[in-house]
Amino acid sequence: MPVETVIQQHLLRVRHSHYPWRSIRVDRFAAAVTEPAGFTVALAAPKQPLMRGSELTIPVRIVRQPGFDEPLEMQCEISPPGVGVSPAELIPSGESEAKLTLSAEAAAKLGPAPLYVMVTTTQARGKAGGDTARGDERVRVASAVVSIEVAEPFVALSTEPQSVRRGERVKYRWAVKQVRPFEGQAHVRMLGLPVGLTAVGPEPTIDTTSEEVAVELEARDEALNGQVHELKCDVRFSVNGEEISLRTGSGKLRIDPRLEK
């Protein structure tokens, strides 16, 4: 038997703050023909999956019609479960490029998900005011919906607690667990280093055969004695011309006093 579907739209007649006082329900959508928006929005689909624990930046292009150079505001209103997005970005008058940064939590839902951005004029046509969230008196243009894939990371780093004395260096070692194969080399940089503790020398690299990576650290006299917690690694991969940054690992380091001679 055919399945009946129902279409409903609520129209607010009287509104105060965020709560409607009066509304009506209709079974047809209201539509109107308006003047052209003056611009279109193109969101590029990423060429690689968004890994759990990683960050990926996607370019957004504004195609302006001749004579339209108003400032615009770009925001991502809906994101996949466990995926964060960069805050609203102001696109200055005449500019046509913006960037959307996605960051996936360690428990982000795996698999494909839809994504789009909304670009809004910053003032009502012909006068100041309007509301960017509801679109009151502003022009709102959405990009086409693209698909992003949330996937497991390429690698996972782990380590055991280590120590270093002021005035000395130590090679802080991380075990590399290969999760998914990748091409080329990835650069490793440690995060969370306190004042007085710095990485020295060139950044180490890993590839799909690596089982360990070491970052050489130097402890100066201004480093505070005691435990340093929540050390992590930023592992940067290049896939299909795009860079993706993975944060992984959780390390500890004890800083001991300098040996007196």
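Residues here are called buried under 20% relative accessible area, exposed over 50%, and partly exposed in between, using a 1.4 Å probe and protein chains only. This is a predicted model, where local features need pLDDT of at least 70, side-chain atom pairs count only at pLDDT 80 or more, and totals for chains, interfaces and linings use all residues. Residues are numbered from 1 along each chain as its sequence is written, and side-chain values use heavy atoms, with hydrogens and water left out.

Select Asn 240. It counts as exposed because its relative accessible area is 52%. You'll find Asn 240 in the loop between β21 and β22 (242-256); strands (E, at least two residues) and helices (H or I, at least four) are DSSP runs, numbered from the N terminus. Check the backbone too: phi of Asn 240 is near 55°, a positive value in a residue other than glycine.

Now hop to Glu 230, which sits in strand β21 (residues 226-239). Its phi is near 55° and positive as well, and Glu 230 is not a glycine either.

**Stop two: a sheet of three strands**

Next, colour β4, β13 and β10. They make an open sheet in that order, with mixed pairing. At its edges are β4 (50-51) and β10 (111-115), each pairing on one side only. Two strands pair if DSSP finds at least two bridges between them. Strand β13 (residues 146-151) runs parallel to β4, and two bridges join them. To see a bridge, pick Met 51 and its partner in β13, Ala 151.

**Stop three: Pro 153**

Move along to Pro 153, in the loop between β13 and β14 (155-158). Is Pro 153 buried or exposed? Pro 153 is buried, because its relative accessible area is 12%. Leaving aside residues up to four places away in sequence, Pro 153 touches Met 51, Arg 52, Val 179, Arg 180 and Leu 246, where contact means heavy atoms within 4.5 Å.

**Last stop: Arg 138**

Finish at Arg 138, in the loop between β11 (118-121) and β12 (140-142). Which side chain of opposite charge is nearest to Arg 138? That's Glu 73, 5.3 Å away, and the buried Arg 138 has no salt bridge, meaning a side-chain nitrogen of Lys or Arg within 4 Å of a carboxyl oxygen of Asp or Glu. Show backbone oxygens: the side chain of Arg 138 reaches that of Thr 122 at 3.2 Å, and a polar atom of the Arg 138 side chain lies 3.4 Å from that of Thr 121.

Key
Lys, Arg positive; Asp, Glu negative; His and termini not counted. Polar contact = N/O pair within 3.5 Å; in protein donor to acceptor, adjacent residues only side chain to side chain.
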